[in-house]
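Welcome to a quick tour of a protein model. Have the view open beside you as you read, and take the topics one at a time.

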Amino acid sequence: VLRLADVPVAAPSANLFGSLSPTTADHVCKQLGNRVDLILDGGPCRVGVESTILQFHGDGVHCLRPGGVPLEAIEEVIGRVERATSLP
């Protein structure tokens with residue numbers, strides 16, 4: 001589906017606010033039930049934690065939430081990432 005879209009795709013986690021992140025399609029189904037029309041099952045997640053969220057702006061890159069991708073791995077690609085304790 002992502003290859004066919006031929007554009008970058010960003011999407012939220014498939015869980016309700018405040019709920020644990022699902023790691024299988026069955027978890028998504030149990031949480032969201034009839035609130036969604038379709039669940040694509042790509043198999044279980046390899047990482048069972050929330051996504052890493054970065055904020056890019058004029059004075060650099062800040063990590064708003066650490067997650068499954070270690071900041072050190074990100075820094076190898078984009079350079080220094082500030083460990084933000086609050087929004088800049």
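## Charged contacts, sheet and pocket

Glu82 is partly exposed, since its relative accessible area is 35%, and buried would require under 20%. Salt bridges with shared partners tie Glu82 into one network together with Glu72, Glu75, Arg80 and Arg83. Please keep in mind that this is a predicted model. The notes below begin with that network, then move on to the sheet and the pocket.

**Salt bridges**

- The count of salt bridges comes to 5.
- Glu82 meets Arg80 through their side chains, in a salt bridge of 3.6 Å from N to O.
- Arg80 also forms a salt bridge with Glu75, and here the closest N and O atoms are 3.6 Å apart.
- Glu75 has a salt bridge with Arg83 as well, with 2.7 Å between the closest N and O atoms.

- Is Arg80 buried or exposed? Arg80 counts as exposed because its relative accessibility is 57%, and the cut-off for exposed is over 50%.
- Arg83, with a relative accessible area of 39%, is partly exposed, because that class lies between the cut-offs of 20% and 50%.

**The sheet**

- How many strands form the open sheet? There are 3 strands, in the order β1-β2-β3, and their pairing is mixed.
- Strands β1 (53–57) and β3 (82–83) are the edge strands, each pairing on one side only.
- As background, the strands of a sheet pair through backbone hydrogen bonds, in either a parallel or an antiparallel way.
- Strand β2 (residues 60–65) and β3 run parallel and are joined by 2 bridges.
- Which residue of β3 is the bridge partner of His62? The partner is Glu82, the residue whose side chain also meets Arg80 in a salt bridge.

**The largest pocket**

- The volume of the largest pocket is about 1,200 Å³.
- Its lining is made up of 31 residues, and those closest to the centre of the pocket are Ala11, Pro12, Ser13, Ala14 and Cys45.
- Which helix gives the most to the lining of the largest pocket? That is helix α2 (residues 25–32), which contributes 3 residues.
- By residue type, the lining of the largest pocket divides into 18 nonpolar, 10 polar and 3 charged residues.

Technical notes. Residues are numbered from 1 along each chain as its sequence is written. This is a predicted model: local features need pLDDT of at least 70, side-chain atom pairs count only at pLDDT 80 or more; totals for chains, interfaces and linings use all residues. Side-chain values use heavy atoms; hydrogens and water are left out. On a 1 Å grid over the protein atoms alone, a cavity is a set of points where a 1.4 Å probe fits but cannot get out, and a pocket is an open set with protein on both sides within 12 Å along at least five of seven lines; lining residues have an atom within 4 Å of a point. Grid points are joined across faces, edges and corners, and a volume is the space filled by probe spheres set on the points. Helices (H or I, at least four residues) and strands (E, at least two) are DSSP runs, numbered from the N terminus. Ala, Val, Leu, Ile, Met, Phe, Trp, Tyr, Cys and Pro count as nonpolar, Asp, Glu, Lys and Arg as charged, and the others, Gly among them, as polar. A salt bridge is a side-chain nitrogen of Lys or Arg within 4 Å of a carboxyl oxygen of Asp or Glu. Buried means under 20% relative accessible area, exposed over 50%, partly exposed in between (1.4 Å probe, protein chains only). Two strands pair if DSSP finds at least two bridges between them.
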